[in-house]
Amino acid sequence: MKPVVLTTCVSNLEADLIKLNLSKEGVGCILLNEHFTRLLPMYSGILGSGIKVMVAESDLEKARGIIGLNKQQMRCPECGSTDFRLKN
């Protein structure tokens, strides 16, 4: 199965909570850049860094629902639009 990025976190706590919630629902995931972010937290979010939460492509929609990243639930705080894409 092809792994895809579910979301990118700026802190280890956020990534660990997402991983815990996914595992409770039976969705496996791996964390990339976890150790780099722990060692050098001041660089988190720079040049595409941060902790990437990866899931199997077949579990992507289920995982988005578990952590509340469904497009239907997310709205722009300025205009209320739901016409956007999640950042990978």
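Student: Why is the contact between arginine 64 and glutamate 61 called a salt bridge?

Tutor: A salt bridge is a side-chain nitrogen of Lys or Arg within 4 Å of a carboxyl oxygen of Asp or Glu. Here the closest N and O atoms of arginine 64 and glutamate 61 are 3.2 Å apart, so the pair meets that rule. By this rule the count is one salt bridge. A word on the source: this is a predicted model, where local features need pLDDT of at least 70, side-chain atom pairs count only at pLDDT 80 or more, and totals for chains, interfaces and linings use all residues. Residues are numbered from 1 along each chain as its sequence is written, and side-chain values use heavy atoms, with hydrogens and water left out.

Student: How are arginine 64 and glutamate 61 placed in helix H3?

Tutor: They are three residues apart in helix H3 (residues 60-67), and therefore about one helical turn separates them. Helices are DSSP runs of H or I with at least four residues, strands are runs of E with at least two, and both are numbered from the N terminus.

Student: What makes arginine 64 buried or exposed?

Tutor: Buried means under 20% relative accessible area, exposed over 50%, and partly exposed in between, using a 1.4 Å probe and protein chains only. Arginine 64 has 18%, so it counts as buried.

Student: How do you know which strands pair with S3?

Tutor: Two strands pair if DSSP finds at least two bridges between them. Strand S1 (residues 3-9) is joined to S3 by six bridges and runs antiparallel to it, so S1 and S3 pair. Valine 4 has valine 55 in S3 as its bridge partner. Strand S2 (residues 29-32) has four bridges to S3, again antiparallel, so this is a pair too. There, leucine 32 stands opposite lysine 52.

Student: How covered is strand S3?

Tutor: S3 (residues 51-56) is mostly covered, with six of its six residues buried.

Student: And what makes leucine 39 count as buried or exposed?

Tutor: Leucine 39, found in helix H2 (residues 34-39), has 69% relative accessibility, so it counts as exposed.
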